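Here's a quick tour of a protein with a ligand in it. Have the structure open while you read.

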Amino acid sequence: MEKLVSLGIVESYFEKLKSNLALDAAIVGGGPSGLVAAYYLAKAGKKVALFERKLAPGGGMWGGAMMFNEIVVQEEAMPIVKELGIRYKELGGGAYLLDSVHATSALIYKATEAGATIFNCYSIEDVVFHDNRVNGLVVNWAPVVRERMHVDPLVIMARTTLDGTGHDCEIATLVARKNHVQLDTPTGGVVGERSMSVVEAERTTIENTKEIYPGLFVSGMASNGVSGSFRMGPIFGGMLLSGRKAAELMTAGIDKL
Ligand code: 48F
């Protein structure tokens with residue numbers, strides 16, 4: 001039995017890895033925008049995998065506000081909440097309350113149920129860059145990167161890549177810095193996020209969700225970070241709508257290739 005358990009895990013894991021070495025869409029970051037993008041890309045029939053550095057995907061959605069595990073979603077994003085079967089209560093003023101643990105686990109479940117694969121404990125340390133385009137991810141084990149061990153990475157090829165890394169905009173930052181290229185942002189680089197302005201930030205999260213360099217899209221808080229817009233705190237409608245918009249743009253991009 002001991003040998004069977006290990007054999008099953010090793011064989012099944014490497015089958016999964018092998019079948020995800022070339023993707024339509026690679027998503028970096030398992031926050032709400034990345035998970036929603038994974039769900040809609042899978043639903044559109046695209047080969048999609050999401051790579052998350054932490055053990056548990058979900059990003060900044062589990063903790064609600066200051067660890068009070070409730071989040072707010074506005075009316076505009078409620079069709080997504082309903083499509084995913086997430087429970088909610090009305091708050092008033094066109095806003096709804098969701099239990100953050102229930103909502104986050106629903107995003108993970110629905111993305112994987114739709115056909116997306118999630119690889120946790122992966123740190124994306126670079127991209128594949130040729131023909132003036134982002135063509136995939138350079139991946140390593142998160143503990144290897146955290147311990148600064150000198151271990152070379154593996155590569156996942158992808159026709160489109162999504163930076164859903166949240167406040168740090170990690171992928172956009174490294175693409176601009178290492179390749180000296182201009183991104184489609186107000187300065188051509190990563191502008192950096194501004195302080196809190198809830199309504200403005202929710203609107204611009206969706207507006208700033210776009211292809212910022214050939215092959216590289218950006219969603220969620222990273223989209224506001226790269227374009228120099230505001231943060232918004234524990235309100236999540238913009239994150240869900242941004243994930244859906246990213247999936248639509250990437251699907252159109254994949255279909256054109
Ligand atoms: O920050 P995060 O939750 O992304 P998001 O979709 O949502 C933002 C909200 O949670 C919140 C907010 C809403 O009001 O402002 O902050 O923009 O999740 C980003 C995920 O990306 C992972 C990180 O661990 C987190 O779970 N991540 C970041 N860099 C990397 C990464 C990397 N280089 N490789 C793999 N995962």
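In which loop is the place of aspartate 131? Aspartate 131 is in the loop between β7 and β8 (133-141); helices (H or I, at least four residues) and strands (E, at least two) are DSSP runs, numbered from the N terminus.

## Ground rules

This is a predicted model, where local features need pLDDT of at least 70, side-chain atom pairs count only at pLDDT 80 or more, and totals for chains, interfaces and linings use all residues. Residues are numbered from 1 along each chain as its sequence is written, and side-chain values use heavy atoms, with hydrogens and water left out.

## Around the ligand

Now for the polar contacts, meaning pairs of N or O atoms within 3.5 Å. The side chain of arginine 53 puts an N or O atom 3.1 Å from a ligand nitrogen, and a polar side-chain atom of glutamate 170 is 2.9 Å from a nitrogen of the ligand. Over at isoleucine 235, a polar backbone atom lies 3.3 Å from a ligand oxygen. On its own the ligand exposes 730 Å², and the protein buries 93% of that (Shrake-Rupley method, 1.4 Å probe).

Aspartate 131 is exposed, at 69% relative accessible area (exposed means over 50%, buried under 20%, partly exposed in between, with a 1.4 Å probe and protein chains only).

Methionine 67 isn't a glycine either, yet it has a positive phi of about 70°. Methionine 67 lies in the loop between β2 and β3 (70-74) and is exposed, with a relative accessible area of 76%.

Serine 100 belongs to helix α4 (residues 100-114) and is buried, with a relative accessible area of 0%. A polar atom of its side chain lies 2.6 Å from the backbone oxygen of tryptophan 62.

Arginine 231, in strand β13 (residues 230-231), is partly exposed at 36%.

Terms used. A polar contact is a pair of N or O atoms within 3.5 Å; within protein, one must be able to donate a hydrogen and the other to accept it, and residues adjacent in sequence count only if both atoms are side-chain atoms.
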